[in-house]
Each structure stands twice: as structure tokens, then as C-alpha cells.
Amino acid sequence: EKFIQDCNESGIVVVQIEVDRSGRVTRAIPGVKGTTNNATCLTDPAKRAALATRFNSDSKAPAKQVGTIIYNFKLSE
């Protein structure tokens, strides 16, 4: 699924995520360090995309794993 921004903004949104053992993203915080554009119309779809992301499950993994996903929004053509 593609998340399209509905504004004329471009830039990078870095989302900090927490992932559980089953590979589900349980928390997503958009706009962390490295973000170049904090416009809500970019951070909202970035957060939705991050929460929709699935990773491989790993029963031996820590209960909470923290990482980041970087979204690069380009101006609509």
C-alpha cells in the first residue's frame, strides 16, 4: 500500500518505531532526529505507513525492539 501525501510538501520524515516479537509495529513516533520536514501532512502518512509495516516474527527477540524507518517524500509530479 502506498501512502501519498496530500499537500505540496517534500522532505524526509524519520519515524522511530517499537516492534514486538511477532513483528508488529506497536508504536510509531514521526519527526525524530533526521527529519527535514515536520509538516503534519507528511508526518501523518509516515506514521500510518510505519504502523502498517510488518517485520519477521522472532520468538527469541527482545519483547520491545526499537528502530527507525525513513520516508522520503517527493513533490507530486
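Q: In what order do the elements of the protein chain run from the N terminus on?
A: They run β-β-α-β, with 1 helix and 3 strands in the chain. Helices (H or I, at least four residues) and strands (E, at least two) are DSSP runs, numbered from the N terminus.

Q: Before we go on, what should I know about the model?
A: This is a predicted model, where local features need pLDDT of at least 70, side-chain atom pairs count only at pLDDT 80 or more, and totals for chains, interfaces and linings use all residues. Residues are numbered from 1 along each chain as its sequence is written, and side-chain values use heavy atoms, leaving out hydrogens and water.

Q: OK, T35. Where does T35 lie?
A: In the loop between β2 (25–30) and α1 (40–52).

Q: And is T35 buried or exposed?
A: Buried, because its relative accessibility is 19% and the cut-off for buried is under 20% relative accessible area (1.4 Å probe, protein chains only).

Q: What does the side chain of T35 reach?
A: The backbone nitrogen of V14, at 3.0 Å. A polar atom of the T35 side chain also lies 2.7 Å from the backbone oxygen of V32.

Q: Switching to N37: which side chain does the N37 side chain join in a polar contact?
A: That of E9, at 2.8 Å. A polar contact here is a pair of N or O atoms within 3.5 Å; within protein, one must be able to donate a hydrogen and the other to accept it, and residues adjacent in sequence count only if both atoms are side-chain atoms.

Q: Where does N37 lie?
A: Also in the loop between β2 and α1, and N37 is buried at 14% relative accessible area.

Key:
Buried < 20%, exposed > 50% of the residue type's maximum accessible area, 1.4 Å probe, protein only.
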